[in-house]
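The sequence and the structure are shown first, and the description follows.

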Amino acid sequence: MTRAEEFQELRPLLFSIAYRILGSVSEAEDAVQETWLRYEASPTLPTSTKAFLSATVSRIAIDVLRSARVRREEYTGQWFPEPLLADPYEDPERSAELADSVSMAALLLLERLSPLERAVFVLREVFGFGFGEVASAVGRSEAACRQLVVRARRHMDAGRARFEADRRERAELAERFFGAFREGDVDGLRKLLAADVQMIGDSGGKAPLWGRGVFGAENVARTLAAILAPFVRIGGVVEPHEVNGQPGAIFRDRDGNIVNILALDTLDGQIQTIRAVINPDKLRHLGPVADAWAVVREASQERRAQP
């Protein structure tokens, strides 16, 4: 195989590593491209192409994350990862770890870690690299990497839900939720929501948002029901779709442009958190993006026009 062919074969893995370290599709793609440039320019062939490229993309992602942290601290409102509709990397032996690690909830927990802890955790716990490979990738001793993993696990475990529903149960719950949502069934929605459910959005100050969030089953159910009817009447479509390995949906305007992405967190047969990514900058990698302000204005006019 040529270098280019080897790289293309490993690209899904490299992207998946970088995305979990960075929480950004665009930054992960840039990290993968920079990895190729360094590999192409390398005068010698590595003993293990996989190890070399994984280490290179990890180091690049660590550096990018360190500078990104400053921007995220200055971010307007709640920061969420850029939504990922499909993980390009698959490994049947680590399918559970891969699915768990890409959820919005898991990526937000990873934000609590230092860049080095995050990279070590991703390489070791998610992708199953040996400690020798991890140490080589991040430039630390194996003993130091073991300590970093222990610290990272402690932070992650402290924030994890006590019980995760299996994929089939999540899918069935999401189907009932979106059915009630489409019908504007407040009672039906309320029954599916946890009492302390939160609906939170990430607009980055660039799209309309419902304040700091909507909290409690009654408020969230009524807000959801109120949102949908006028949105549908002006040609909007809610398209259920897996988002970051979890149930979710894509909201599109009448022209098919993306208005926002919704992701659901479930626990014990109820929806615990609804996260909406509305910032247009975080949606452009998915396709044409709608003018959310215009959509909201038109939907508001439609709502007022109804008797």
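Sorted by class, the residues lining the largest cavity comprise six nonpolar, one polar and one charged. The model is a predicted one. The lining is made up of A51, S54, A55, L123, F129, E133, V134 and A137. Helix 3 and helix 7 are the elements that contribute two or more residues to this lining.

The space in the largest cavity amounts to about 40 Å³. The count of cavities of 30 Å³ or more comes to one.

## The nonpolar cores

The largest nonpolar core has 50 residues, and the members that touch the most others are I17, Y19, F127 and V138. Two or more residues of this core come from each of helix 1 (3–22), helix 2 (25–41), helix 3 (49–73), helix 5 (104–110), helix 6 (115–126), helix 7 (131–138) and helix 8 (142–159). Helix 1 gives the most, with ten residues.

Which residues does Y19 contact, when its neighbours within four places in sequence are left aside? The partners of Y19 are S24, V25, A28, P81, E82, P83, L84, V102, L107 and N244. Another core, of 36 residues, lies apart from the largest one; A174, V259, L262 and I274 are among its members.

Six strands form an open sheet with mixed pairing, in the order 2-1-6-5-4-3. Strand 2 (214–215) and strand 3 (237–240) each have a single partner strand and stand at the edges, so one side of each is left without a neighbour in the sheet.

Strand 1 (residues 193–202) pairs with strand 6 (residues 270–277) in the parallel sense, over six bridges. Within this pairing, G201 has A276 of strand 6 as its bridge partner.

## The second largest pocket

The volume of the second largest pocket is about 450 Å³. Its lining consists of 21 residues, and those closest to the pocket centre are P208, W210, I227, N260 and V296. By class, this lining holds 17 nonpolar, three polar and one charged residues.

Which elements each supply at least two residues of the lining of this pocket? They are helix 11 (217–233), strand 5 (258–267) and helix 12 (292–305). Helix 12 provides the largest share of the lining, six residues.

Key. Residues numbered from 1 in each chain as written. Predicted model: local features only at pLDDT ≥ 70, side-chain atom pairs only at ≥ 80, totals over all residues. Heavy atoms only, no water. Core = buried A, V, L, I, M, F, W, Y, C linked by side-chain atoms within 4.5 Å. Buried < 20%, exposed > 50% of the residue type's maximum accessible area, 1.4 Å probe, protein only. Helix = DSSP H or I, 4+ residues; strand = E, 2+ residues; numbered from the N terminus. Contact = heavy atoms within 4.5 Å. 1 Å grid on protein atoms, 1.4 Å probe; cavity = no way out; pocket = protein on both sides within 12 Å on 5 of 7 lines; lining within 4 Å. Points joined across faces, edges and corners; volume = space filled by probe spheres on them. Nonpolar A, V, L, I, M, F, W, Y, C, P; charged D, E, K, R; others polar. Pairing = 2+ DSSP bridges.
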